[in-house]
Amino acid sequence: LKKIANSFPERLYVSLDDYNGKIMIHGWVDESGFKTEQILNNYNNCKIKGFIFTDVARDGMMKGINIDKVKRCLKLSKKPLIVGGGLSDKNDLFNLLNLENPLLEGIIAGKSFYLGKIEIKAAQKILN
C-alpha cells in the first residue's frame, strides 16, 4: 500500500475497522492481529490521504458516536480522519464539531440517514 501511495500521493485512505482497539478483517469477523494504534503509526508518515475510522461496536446501532475513541484516534493521527459508526442524530455532529480538530475531515451517515434521523442538507448546514 505504501508503494501504491507513492505512485498516487494523497489519493488513498486506509480503513481502520476498529473493535475495542483492534483492527477487524473479513467483514468484521476476524481480528487482524493488529491494534488500531499500530496501523495509525505505520501509515502516518507515508503518502496516503488519510484514514477512515469505523467503530465496529457502534456501527448501525444508533447509540451515538464514541467521542472518546474518536479523540484518541485524532490524537494519534497525523492525517485527516473520516469517522463512521454510531452516528445517531445531529447532537453527534455538534459533539464532533466541539472537538475543534482540523484533522477531522468527515463523518459517514449510514443507518441514521436511512432511518431519517439525519437529513443531509441540515447536517451540511451544521458542519459548514
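Here's a quick tour of this structure, going from its strands to its helices and then to a few single residues. Keep in mind that the model is predicted. Elsewhere, strands 1 and 2 pair in the antiparallel sense, and so do strands 2 and 3.

**Strand 5 and its neighbours**

- To get from strand 4 to strand 5, the chain passes through helix 3 (residues 67-76), and the β-α-β crossover it makes is right-handed.
- Two opposite pairs can be picked out here: V83 stands across from I107 in strand 6, and L81 stands across from L104 in strand 6.
- Another right-handed β-α-β unit is built from strand 5, helix 4 (residues 90-97) and strand 6.

**Just past strand 6**

- Look for G110 in the loop that links strand 6 to helix 5 (111-114).
- Is G110 buried or partly exposed? With a relative accessible area of 26%, G110 is partly exposed.
- G110 is 27 residues away from V83 in sequence, while their C-alpha atoms are 11 Å apart in space.

**The two hairpins**

- Strand 1 and strand 2 are antiparallel partners over 2 bridges, and D18 is found opposite I23 in strand 2.
- These strands make a hairpin with 2 residues between them, and N20 in the turn has a positive phi of about 55°.
- Strand 2 goes on to pair with strand 3, again in the antiparallel sense, this time over 3 bridges.
- K22 stands opposite K35 in strand 3.
- Strands 2 and 3 form a hairpin as well, with 4 residues between them, and H26 in its turn has a positive phi of about 55°.

**Helix 2**

- Helix 2 covers residues 36-43, and its buried residues are T36, I39, L40 and Y43.
- Looking down the axis of helix 2, you'd find these buried residues within an arc of 100°, so they line one face of the helix.
- What do the buried residues of helix 2 pack against? They pack against helix 1 (2-7), strand 1 (13-19), strand 2 (22-25), strand 3 (30-35), strand 4 and helix 3.
- Y43 has a further feature worth a look: K2 lies over the face of its ring, 5.7 Å from the ring centre.

**Helix 3**

- I67, K69, V70, C73 and L74 are the buried residues here.
- Around the axis they cover an arc of only 160°, so they sit on the same side of helix 3.
- The cover over the buried residues of helix 3 includes strand 1, helix 2, strand 4, strand 5, helix 4 and strand 6.

- T36 belongs to helix 2, and at 5% relative accessibility T36 counts as buried.
- Which residues does T36 contact, once neighbours within four places in sequence are left aside? The contacts of T36 are L16, D18, G21, K22, I23, F53 and C73.
- D18 is part of strand 1. At 2% relative accessibility, D18 counts as buried because the cut-off for buried is under 20%.
- Setting aside residues up to four places away in sequence, D18 touches T36, F53, T54, D55, V56, A57 and K69.

**Aromatic rings**

- How many aromatic pairs turn up in a search of the whole structure? The search finds 1 aromatic pair.

Terms used: Residues numbered from 1 in each chain as written. Predicted model: local features only at pLDDT ≥ 70, side-chain atom pairs only at ≥ 80, totals over all residues. Heavy atoms only, no water. Right-handed = clockwise from strand over helix to strand, strands pointing away. Pairing = 2+ DSSP bridges. Buried < 20%, exposed > 50% of the residue type's maximum accessible area, 1.4 Å probe, protein only. Arc of directions from axis to C-beta. Contact = heavy atoms within 4.5 Å. Phe/Tyr/Trp six-rings, centres within 6.5 Å; stacked < 30°, edge-to-face > 60°. Lys NZ or Arg CZ within 6 Å of the ring centre and 35° of its normal.
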